[in-house]
Amino acid sequence: MTAPTYATTITLRDGRQATVRPLEAGDVDPLTAFFVSLSADTRSRYGPHPFDRPTAESLCASIDNSRIVRFVAVLNDGQPEAEIIGYMILSREIWPGDRERYGDRLREGECACLAPVIADAFQNQGVGTLMGRHVVASAREMGVKQLILMGGVLAFNERAQHFYEKLGFRRVGEFWTHYGEDKLNYDMVLDLE
Ligand SMILES: CC(C)(COP(=O)(O)OP(=O)(O)OC[C@H]1O[C@@H](n2cnc3c(N)ncnc32)[C@H](O)[C@@H]1OP(=O)(O)O)[C@@H](O)C(=O)NCCC(=O)NCCS
């Protein structure tokens, strides 16, 4: 039996096709272009790490899919004009804050967390849903039984909550963060069995 590649093809509403697959060592340039393109609004909703070339270089140089799979959606994959339009982190490593909030509800060893972002120009066109479904199916194939959100979702981020609900997540709690100003967040979970 061949090992799964966790790759698929999705079709955008305009008919173009994108490859969804784990990040590879050669993705530094398109990943950098994707990171630096993210708007201030998107960055205010999504911040797992800095969005610059050193980060893209470091992520591409330290790929370990047994711990963290970084899925990318790529237009023109394998060609010089390859363009990353989506990035979703599927991590077996749970952030300490998330671990603390979930406590006993966390399914130790069977849990992973998700952190998705779609390029601004492609948001709200169904790309996240298509890509997210593949990431969830891949997580299931990897033996993940419980998916949580990396750092929750901001209460004002209604589009993201709707997106998560479409994937099957349900809200299980709330908490406040205090970076500069107080913000309400929600924890959401997807059980995969
Ligand atoms: C959240 C995100 C990943 C979703 O991906 P996407 O490609 O934009 O999502 P889709 O187009 O597949 O689906 C969006 C859904 O939200 C709906 N939606 C849009 N704006 C909405 C709003 N203000 N309130 C509720 N639902 C909304 C859309 O109608 C669509 O649902 P439908 O298919 O039932 O009509 C993407 O928007 C993104 O990167 N946002 C910025 C970063 C972010 O918020 N990441 C999550 C951090 S927790």
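Guide: In the counts below, Ala, Val, Leu, Ile, Met, Phe, Trp, Tyr, Cys and Pro are nonpolar, Asp, Glu, Lys and Arg are charged, and the others, Gly among them, are polar. The model is predicted, with local features needing pLDDT of at least 70 and side-chain atom pairs pLDDT 80 or more, while totals for chains, interfaces and linings use all residues. Residues are numbered from 1 along each chain, and side-chain values use heavy atoms, without hydrogens or water.

Visitor: How do the residues of the shell around the ligand divide into nonpolar, polar and charged?

Guide: The ligand is surrounded by 23 residues, each with a heavy atom within 4 Å of it. Asn124, Gly128, Thr129, Asn157 and Lys166 are the closest of them. The shell divides into 9 nonpolar, 10 polar and 4 charged residues.

Visitor: Which element gives the most residues to the shell around the ligand?

Guide: At least two residues each come from helix 2, strand 5, helix 5 and helix 6, where a helix is a DSSP run (H or I) of at least four residues and a strand (E) of at least two. With 7 residues, the element that gives the most to this shell is helix 6.

Visitor: Which residue has a polar backbone atom 2.7 Å from an oxygen atom of the ligand?

Guide: A polar backbone atom of Ile118 is 2.8 Å from a ligand oxygen, and a backbone N or O atom of Gln125 lies 3.2 Å from a ligand oxygen. The residue with the 2.7 Å distance is Gly128.

Visitor: How much space lies in the largest pocket?

Guide: The ligand sits in this pocket, which is lined by 45 residues, with Arg45, Tyr46, Asn157, Ala160 and Tyr164 nearest its centre. Helix 6 supplies the largest share of the lining, 6 residues, and the lining as a whole divides into 18 nonpolar, 16 polar and 11 charged residues. The space in the largest pocket is about 1100 Å³.

Conventions: 1 Å grid on protein atoms, 1.4 Å probe; cavity = no way out; pocket = protein on both sides within 12 Å on 5 of 7 lines; lining within 4 Å. Points joined across faces, edges and corners; volume = space filled by probe spheres on them. Polar contact = N/O pair within 3.5 Å; in protein donor to acceptor, adjacent residues only side chain to side chain. Sits in = over half its atoms within 2 Å of the grid points.
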